[in-house]
Amino acid sequence: METLLIVDDDVSLLETLTMHFEDIEQDGQPRYQVFTATSAAAGLKAAQENMPSVVILDMMLPDRTGLEIIEEMKGLCGDARIILVTAYHDMETTIRAMKAGAFDYIHKPFPDPAALDLVVERALEYRQLSRRADEVHRDNAVVRLGDIVGTSVSMQQLVKEIGKVTGSAATVLITGESGTGKELIARVIHNYSYDEARPFIGINCSAIVDTLLESELFGHEKGAFTGAVSTKPGKFELAEDGTVFLDEIGDMSLMLQAKLLRVLQEREFERVGGVKRVKLRARVIAATHRTLSDEVAQGRFREDLYQRLKVITLFIPPLRERREDIPLLVTHMLERINEKVHKRVTRVPQEVMERLTLLPWRGNVRELENVLTRAVVLAPGDVLRGDDLPALEALPGPDAPRAPGTAGGMFAAPAVDDVSLIPTLEEAERQLIARAMAVTKGHKGRTCQILGISRPTLERKLQKFGLAQGQGPQVHPYPVKDAS
Ligand SMILES: Nc1ncnc2c1ncn2[C@@H]1O[C@H](COP(=O)(O)OP(=O)(O)OP(=O)(O)O)[C@@H](O)[C@H]1O
């Protein structure tokens, strides 16, 4: 039996609806147990006591509006689906209700009973579906290694590979777009390879001019160049028997690449301006967001150094290709962020999580972390708000045209000035709607919620773009993969 809570100050309406729902049977048994309340306060209390599956909540209540209590109500009765009852012309409130987390809306005066039953049944069905999805999610292997979390097949594989390299001192090359977690993985390899005392010394090879980078890496003798007032050890020496992390190695000059190759071959080097040979005891882990084979082909990276580095390569896929990791990353990062900014934002409404899962994340996990940090700081209570997240305009479509050299997505900045790569506004809109429908598995209420549009607008656009049911296989399966 499903539990239904109806909150409305119209007592005769409550009686009619109670009789209606109590009369419905399933397999010879009553389908619903109905509870009622005539004010917002009584409704919240009843929600807490009876844990309803569905709440039919009137907008106009004597003490507070239905809109005001949606969030609180959801907090009290877990995954109950809330159907807000609004006045027919009040489209603005309807949209705000959907944004606030209502599952659906119905207008007063009530539709015929069959239509009302359909809305409630759909709410129940959706609740059941999302419970099943949660179970699948729970069953899915979640991997955690140090600070790394993931559940996608690619992250599971990656963690296995990390496990294999931790026992050895072999040089490792980590590749992946900016913000995918290359430094994090380097640190985890280090932490799991050595005890705490050994140093981890990182250096970003793209951030420093060539001559300075040379002395930063290898150190210099007193008087080696103007300003070298004393002998200074470089990163390779400072790392002792720990790890040197060479970030953005793809940006290193050919001159320094030659020197690095020699160091890796001979496991010895000299400080700038020095003659004494210093032993390299540290392990080298290098990382780049560039595709080194392309750099070699372009003559910007030495083939022999590439061959030496690539023996053990760990590739981290972009976040948009492993969107199933996002909910886990969100929960994991919220803990860290809360600690950092001294807040306790722990609740992420389903529609907010969906939005987070849908965003393009061209800046990968770092961008997700930045967006979450901002939303946590702005959150007035313990709930992460959709309003504090970027809009979905930036959504990439799987069939979106892609500028060469860009991470993909219809709004990715084209690397070349080719206007043919920019879709028309209408095409962009079609792709967005198809994408949102795919993610919600065709659920129109949730699609409206994500896109921030009304149901009639959605219906009109679905018709217009040929996306309505039976109009063709335009909807993409979820999880959506980028066309990269
Ligand atoms: N799988 C993951 N689990 C948990 N946190 C992650 C994961 N991947 C990345 N992060 C976090 O995302 C942020 C960015 O990661 P990191 O700095 O390692 O990326 P990067 O690839 O080295 O970036 P860049 O190329 O710009 O230097 C860090 O705060 C990191 O802890």
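Which residues touch the most other members of the largest nonpolar core? Hold that thought for a moment, everyone.

First, some ground rules. What you see is a predicted model, where local features need pLDDT of at least 70, side-chain atom pairs count only at pLDDT 80 or more, and totals for chains, interfaces and linings use all residues. Residues are numbered from 1 along each chain as its sequence is written.

Now back to the core, meaning a set of buried Ala, Val, Leu, Ile, Met, Phe, Trp, Tyr and Cys residues joined through C-beta atoms within 7 Å. Buried means that 20 or more other C-beta atoms lie within 10 Å of a residue's own; exposed means 12 or fewer, partly exposed is in between, and C-beta atoms are placed from the backbone. The core has 67 residues, and Val55, Ile82, Ile83, Leu84 and Ala102 touch the most other members. Helix α16 (residues 425-439) gives the most to this core, six residues. At least three core residues come from each of domain 1 (2-139) and domain 3 (320-464), with domain bounds taken from an automatic or database domain assignment.

Let's look at strand β6, residues 81-87, where six of the seven residues are buried. Helices (H or I, at least four residues) and strands (E, at least two) are DSSP runs, numbered from the N terminus. Strands pair if DSSP finds at least two bridges between them. On one hand, β6 pairs with β5 (residues 54-58) in the parallel sense over five bridges, and there Leu57 stands opposite Leu84. From β5 the chain passes through helix α3 (residues 66-76) to β6 in a right-handed β-α-β crossover: with the strands pointing away from you, the path from the first strand over the helix to the second runs clockwise. On the other hand, β6 also pairs in parallel with β7 (residues 104-108), again over five bridges, with Val85 opposite Ile106.

Next, the ligand. Its shell has 19 residues, and Gly181, Lys182, Glu183, Leu184 and Val365 come nearest. Elements supplying at least two shell residues each are β9 (148-150), α7 (182-193), α13 (326-341) and α15 (364-378). Domain 2 (143-315) and domain 3 (320-464) each give at least three.

One last stop: is Asp241 buried or exposed? Asp241 sits in the loop between α9 (235-238) and β14 (243-247). It counts as exposed because 12 other C-beta atoms lie within 10 Å. Asp241 and Tyr194 are 47 residues apart in sequence, and 9.2 Å apart in space from C-alpha to C-alpha.

Technical notes
A residue is near a molecule or strand if its C-beta atom, placed from the backbone, lies within 6 Å of it.
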